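Hi everyone, thanks for coming. Please have a look at the model on the screen, and then I'll walk you through a few of its side chains.

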Amino acid sequence: MNLSGVGAWQHGGVNRPDTRQIWNANAAAWTELSRAGFDRYRDLVNTPAFFALLPPVTGLLCLDLGCGEGHNTRLLAGRGARVTALDVAESFIAAAAEAGGHGIRYLVGDGEALPFHGSSFDAVTAFMSLMDVADPERVLHEVARVLRPGGFIQFSVLHPVMAAPVGWWVHDESGVRQGRVVGDYFYQGPLTETWSFGAAPAEFRERHQPFTITYARRTVTGWLSAVLASGLLIEAATEPCADQRTAAAHPEVADTRIAPYFLIVRARKP
C-alpha cells in the first residue's frame, strides 16, 4: 500500500510469491515504524472502522489471521475475545509474543493450510492480510472450514481502486489532492509494490529499506466472489474514510475522503 504517494508497481508475474520470506524481510522495519505511530491510515481510518463494524466478541474464540506484530490482535483481545493469532512470518510472531497481550496464543502457520480442526473458531479476523497471501481463495476456504456454523469472518484489504496497477493523484494548483486516476482496474493477479510509511520522518526511513510487497490483487467483484465461493454469506461491508473532524485534525489522511483506501467485509458461515 503506497501511503507515501510515491511507489513502484509491477504486475503480471508468473512466479508464486514467497510470502514468508517477504514478510520476514519487512518485519523489523514494519514493527518499529508502526509502533512509533507512523501507520496513520491504519490508526486513524481503517482500525476504527473495522472495530465499529465488528460484532461483539466477548468470550468468543477468535482466530486473528496474519496478525503481524500484533497491534490489532491486542485490541481484539481487549474486547474480551480469546484469541489465537497466526502469521506465516516467524519474525512477526516473535515481535507480537514479546509485546504480550492477555489471553493471546501466538502461532507460526500458513493461512492456506490452517493447523486447526474444522469448526474450531467462533470468529476469524484478518486485518489487511488476505491480500498478502498467494491464494486468497484457498485461504477463505480454509477459514470456512475452521469456522463453526454461525461463526463469521471479518477482513480488511487494500481497496481495489487504490491497488489498481495504474494510478496517480490529481492535484490542484496549490498541490492539494483533488482526484485519483485509475487504470488497468480489471487486472487480477500478483502485484508488487515498493513503498514506505509517508508519515515517518526521514531519520526513521533512512534506517530501513522501503517495503517490497507482492499482493494478490482482486477487483471488488473478485473479493466478494471469493467469499461467496467459499460458502460464506456476506452480511456487511464498508469502504471507510476519515470523517470531517479527523480529516481537519489530520490532513495526512484527508485523501481517504476522495478515494477509498480500504474495503472491509464481514461474512458468516451458515
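Predicted model: local features only at pLDDT ≥ 70, side-chain atom pairs only at ≥ 80, totals over all residues.

Residues are numbered from 1 along each chain as its sequence is written, and side-chain values use heavy atoms, with hydrogens and water left out.

First, the whole chain. Of the 270 residues of the protein chain, 51% count as buried. The secondary structure comes to 8 helices and 12 strands; these are DSSP runs numbered from the N terminus, with helices (H or I) of at least four residues and strands (E) of at least two. Along its principal axes, the C-alpha trace spans about 55 × 40 × 40 Å. How does the radius of gyration fit a compact globule? The chain has 18 Å, which agrees with the value near 18 Å for a compact globule of 270 residues. That radius is taken over C-alpha atoms, and the globule rule is 2.2 Å times the number of residues to the power 0.38.

Now to the aromatic rings. A pair of aromatic rings is described by the distance of the centres and the angle of the planes. Here, rings of Phe, Tyr and Trp (its six-membered ring) pair if their centres lie within 6.5 Å; planes under 30 degrees apart are stacked, over 60 edge-to-face, and the rest tilted. How many aromatic pairs does a search of the whole structure find? It finds 17. Take Trp30 and Trp195: their ring centres are 5.7 Å apart and their planes are at 85°, so this pair is edge-to-face. Trp30 is in helix H1 (residues 19–35) and Trp195 in strand E9 (residues 189–195), so the pair ties together parts 165 residues apart in sequence.

Are these two buried or exposed? Trp30 counts as buried because its relative accessibility is 16%, and Trp195 is buried too, at 3%. Trp195 has another partner, Phe211: the centres are 5.2 Å apart and the planes at 65°, so this pair is edge-to-face. Phe211 belongs to strand E10 (residues 211–217), so its pair with Trp195 in strand E9 ties together parts 16 residues apart in sequence. Phe211 is buried, with a relative accessible area of 2%. Trp30, Trp195 and Phe211 are among the members of one aromatic cluster, which also includes Trp23, Phe92 and Phe197.

The charged end of Arg180 sits over the ring of Trp169, 5.1 Å from its centre, and that of Arg217 sits over the ring of Tyr185, 5.0 Å from its centre. The rule is that NZ of Lys or CZ of Arg is within 6 Å of the ring centre and within 35 degrees of the ring normal.

Next, salt bridges. Side chains of opposite charge can pair when their charged atoms come close. The structure holds 15 salt bridges, each being a side-chain nitrogen of Lys or Arg within 4 Å of a carboxyl oxygen of Asp or Glu.

One of them joins Arg148 and Asp122, with the closest N and O atoms 2.9 Å apart. This pair links distant parts of the chain, with Arg148 in strand E6 (residues 147–158) and Asp122 in strand E5 (residues 121–127), 26 residues apart.

In another, Arg218 meets Glu137, and the closest N and O atoms are 2.7 Å apart. Arg218 is in the loop between E10 and helix H7 (220–229), while Glu137 is in helix H5 (residues 136–146), 81 residues apart. Which side of the cut-off does each fall on? Arg218 counts as buried at 12% relative accessibility, whereas Glu137 is partly exposed at 26%.

A further bridge is between Glu235 and Arg268 (2.8 Å, N to O). Glu235 lies in strand E11 (residues 233–238) and Arg268 in strand E12 (residues 262–268), so the pair ties together parts 33 residues apart in sequence.

Methods:
Buried < 20%, exposed > 50% of the residue type's maximum accessible area, 1.4 Å probe, protein only.
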